[in-house]
Amino acid sequence: MFFTNHIQELADGNQILGEFPNLKNSKINFNGANNILYCEPGVTLSESSLDFKADNSVIYLGANRHEYKLTVSVYNDSVFHMGIHNFQTCKMTVILSEQRHCYIGDYGVFSWGICMRNSDPHLIYDCSTRKRVNPTQSIYIGDHVWVGQDCLILKGTQIDSGSIIGGHAVISGKRIPHNSTWAGNPARQIKDDIFWNYACVHDYKSDMTESTLFYDDYIEKFHQDYHRDEWIYDYQEAESINYDEMDRTLNMLDSSQKKLDYLIQLNKTKTKNRFVHRI
């Protein structure tokens, strides 16, 4: 059963909870049972498709002053979470398989042609041992992460808050430290100890470019209300959360409702440094 621009009665234990999203040429398709779409207030889906392909999965969309532009396919027992006020230039594709997840924090920027998938998806085995060598793994992305054009983010990737992923990067199984830049195929670290803000340089002339060369001068002139270290993250034992612990918890919870309750509680207790893990 799918929705276009009106509410229909759900079958097979599927639910839309929170606030029903505003749909612009978008659809929500339930093919399985006991799935949950949860939307915070202010969610608009534009040219989007949310597909529950099997059972007991959750799609959680945070409040957003921007339109969501998504093609999401989730199979059994998987979670897709996107936090508040993430900006997407164009449609992003996410495919989640084999009871694993994709968690994205708040205030990210996502450019054109981005794809995330947590499985290969075909089975691969070692010729000698006959043991499978390509298990499906979750993807975790923190707050204020900028992902460039045509990036491919694959299974086991963990990206800490404040980082930048350069255009056309391919990342698989990497743990990206906070406030660092990675690029290439396969992706490698280009620089650490950096931060970025949301200003866009497209229409800058020389005087504006000159005024942005030093951040303190820039905020003194244009954004005196900014905190000077607003986009610099660090690890604090009492406040940070480990992505592996999140994954273990989500994998342990045996229903879509329990997974949703965990996500809601996590967001209630979140602080600025919460999505920075120790490497």
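## Pro135 and its loop

Pro135 counts as partly exposed, with a relative accessibility of 43% (buried means under 20% relative accessible area, exposed over 50%, and partly exposed in between, with a 1.4 Å probe and protein chains only). Pro135 is placed in the loop between strand 15 (115-117) and strand 16. Helices (H or I, at least four residues) and strands (E, at least two) are DSSP runs, numbered from the N terminus. Between the C-alpha atoms of Pro135 and Ser119, which are 16 residues apart along the chain, the separation is 7.4 Å.

The loop between strand 15 and strand 16 also holds Pro121. The peptide bond that leads from Asp120 to Pro121 is cis, and its omega is near 5 degrees.

## Basis of the model

This is a predicted model, in which local features need pLDDT of at least 70 and side-chain atom pairs count only at pLDDT 80 or more, while totals for chains, interfaces and linings use all residues. Residues are numbered from 1 along each chain as its sequence is written, and side-chain values use heavy atoms, with hydrogens and water left out.

## Overall form

The protein chain has four helices and 24 strands. Its radius of gyration is 19 Å, close to the 19 Å that the globule rule gives for 279 residues, so the chain is as compact as a globular protein of that length. The radius is taken over C-alpha atoms, and the rule is 2.2 Å times the number of residues to the power 0.38. The C-alpha trace spans about 60 × 55 × 35 Å along its principal axes.

Of the 279 residues in the protein chain, 47% are buried. The accessible surface comes to about 13800 Å², and carbon and sulfur atoms hold 50% of it; accessible areas come from the Shrake-Rupley method with a 1.4 Å probe, and for residues only the protein chains shown count as cover.

Eight strands form an open sheet with parallel pairing, in the order 2-5-8-10-13-16-19-22. Two strands pair if DSSP finds at least two bridges between them. At the edges stand strand 2 (15-18) and strand 22 (175-176), each with a single partner strand, so one side of each has no neighbour in the sheet.

Within this order, strand 13 (residues 102-104) and strand 16 (residues 139-141) pair in the parallel sense over three bridges. Ile104 stands opposite Ile141 in strand 16.

## Helix 2

Helix 2 (residues 215-222) has Tyr215, Tyr218 and Ile219 buried. Viewed down the helix axis, the buried residues of helix 2 fall within an arc of 90 degrees, so they line one face of the helix; the arc is that of the directions from the helix axis to the C-beta atoms. These buried residues pack against helix 1 (206-211), where contact means heavy atoms within 4.5 Å.

## Other loop residues

Pro186 is in the loop between strand 23 (180-183) and strand 24 (188-192).

Asp12, in the loop between strand 1 (2-3) and strand 2, is a residue other than glycine with a positive phi, near 60 degrees. Asp12 is exposed, at 56% relative accessibility. Asn179, in the loop between strand 22 and strand 23, is not a glycine either and has a positive phi of about 55 degrees. Asn179 is buried, with a relative accessible area of 4%.

## Cysteines

The whole structure contains zero disulfides, a disulfide being a pair of cysteine sulfur atoms within 2.5 Å. For Cys39, the nearest cysteine sulfur is that of Cys102, 16 Å away. Cys39 is buried at 1% relative accessibility, whereas Cys127 is exposed at 66%.
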